[in-house]
Amino acid sequence: MRTFLAHVELANPITTAAGCASSGRELAQFFDLHRLGALTTRSITMAPRAGRPTPRMAETPSGMLNAVGLQGPGIEAFLERELPWLAQRGIKTIVSIGGGTVAEYSELARRLADAPGVTALEVNLSCPNMEDRGRVFAREGSAAAEVIASVRSIMRYDVPVVAKLAPDVADIVSVARACVDAGADALSMINNPLGMAIDTEALRPSLAAVTGGLSGPAILPLAVRCVWQVHAALPGVPLIGVGGVMTGRDAFQLVLAGACAVGVGTALFHDPYACLRIERELEELLRARGFQRLADAVGLAHRPPGSAPRHLLVDTEESTP
């Protein structure tokens, strides 16, 4: 079940999705965090943020809308309290960062560059660019690439930089390619697409911010599509598939589409053991289908119908005179 995120080895492919496990303390009361492939923190910002006004979460028929607004204590508190707690326990940690300007992302990278315990840095590009009329970085390849290039130039070479992409774009492949060309070592997709709900009793939008990110089972097909398209265009780039994963079978879809790791998010809100269950279910599915390694299943759905998994092809070649 081991996998690699760029050059970093993970014991298994299951990670938490940013924003859904805070910085690990909450989940640690339920199970040993070493059983995760990695823990992804909430998106850390330069200054403390109280988040958006309430109500900022609403249920939907197949998921959840949220407009939390990157609530958090800021980089100072994260470096003083949260990251050391993880580092002291040896938890593989993907630190997510978010900013309103390229300079903010750069400064966050600078503060984290020498911090112990950072396994990888995930750059949340679904943040409004305050220097460009609030247009979200993730929606334009050039804007996303500028952030990634800046972060990559500062971050230590041994810490992979992961660009987290949004599906609300005309061409996710072009944005993905721009990020990789700018120095991203891996890609995470997808961030929550924007959605909206209206409270028919109050006759008002359900969220105070009107729109919010949609997560949960409803977005799994969108995540699978995005992972499929990017893996087809950039087969050598490690991908973390995120969005709507509730079962091992959901995770298996993302792996077959091209993901080498899978993030679990909304499922944790009602089942804190979801990551362990999904990892177990995925392993059982792989074993039942004769896979010897997770790596043999990554991107397999792209192969022509009837072609064998990679390990079977190798076995056949070795037995040929």
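Mentor: Start with G243, which is buried at a relative accessible area of 6%; buried means under 20%, exposed over 50% and partly exposed in between, using a 1.4 Å probe and protein chains only. Keep in mind that this is a predicted model: local features need pLDDT of at least 70, side-chain atom pairs count only at pLDDT 80 or more, while totals for chains, interfaces and linings use all residues. Residues are numbered from 1 along each chain as its sequence is written, and side-chain values use heavy atoms, with hydrogens and water left out.

G243 sits in the loop that runs between β17 (239–242) and α7 (248–257). Skipping neighbours within four places in sequence, G243 is in contact with I219, L220, A223 and G263, where contact means heavy atoms within 4.5 Å.

G243 also carries an annotation. An unreviewed UniProt entry lists a "binding site" covering N124, K164, I190, G216, G243, G244, G265 and T266. UniProt positions follow the numbering used here, feature names are shortened, and annotations may be inferred rather than shown by experiment.

Now hop to T266, another residue on that UniProt list. T266 is in the loop between β18 (261–264) and α8, and counts as buried at 17% relative accessibility. Beyond four places in sequence, T266 touches C20, M64, S215 and G216. With S215 there is a side-chain to side-chain polar contact of 2.7 Å; that term means a pair of N or O atoms within 3.5 Å, and within protein one must be able to donate a hydrogen and the other to accept it, with residues adjacent in sequence counting only if both atoms are side-chain atoms.

S215 takes us into a sheet, as this residue of β16 stands opposite M64. Strands β6 (63–66) and β16 (211–215) pair antiparallel over 3 bridges; pairing requires at least two DSSP bridges between strands. They belong to an open sheet of 4 strands, ordered β5-β6-β16-β13 with antiparallel pairing. At its edges, β5 (57–60) and β13 (194–196) each have a single partner, so one side of each has no neighbour in the sheet.

Next, helix α5 (172–181). Its buried residues are I172, V173, V175, A176, A178 and C179, and what covers them includes α4 (141–154), β11 (161–165), β12 (186–189) and α6 (220–233). At the start of α5, a side-chain oxygen of D171 comes within 3.1 Å of the backbone nitrogen of V173. After the helix comes G183, with a positive phi near 120°.

C179 also shows up in the largest nonpolar core, which has 108 residues; C179 is among those with the most contacts inside it, as are L112, L125, L165, L187 and M189. Such a core is a set of buried Ala, Val, Leu, Ile, Met, Phe, Trp, Tyr and Cys residues joined through side-chain atoms within 4.5 Å. Helix α8 gives the most to this core, with 7 residues. Leaving out residues up to four places away, L187 touches a list including L165, A176, C179 and I240.

Finish at L294, in the loop between α8 (274–288) and α9 (310–319). L294 is buried at 2%, and its contacts beyond four places in sequence include M1, P13, V255, C260 and L282.

Key: Helix = DSSP H or I, 4+ residues; strand = E, 2+ residues; numbered from the N terminus.
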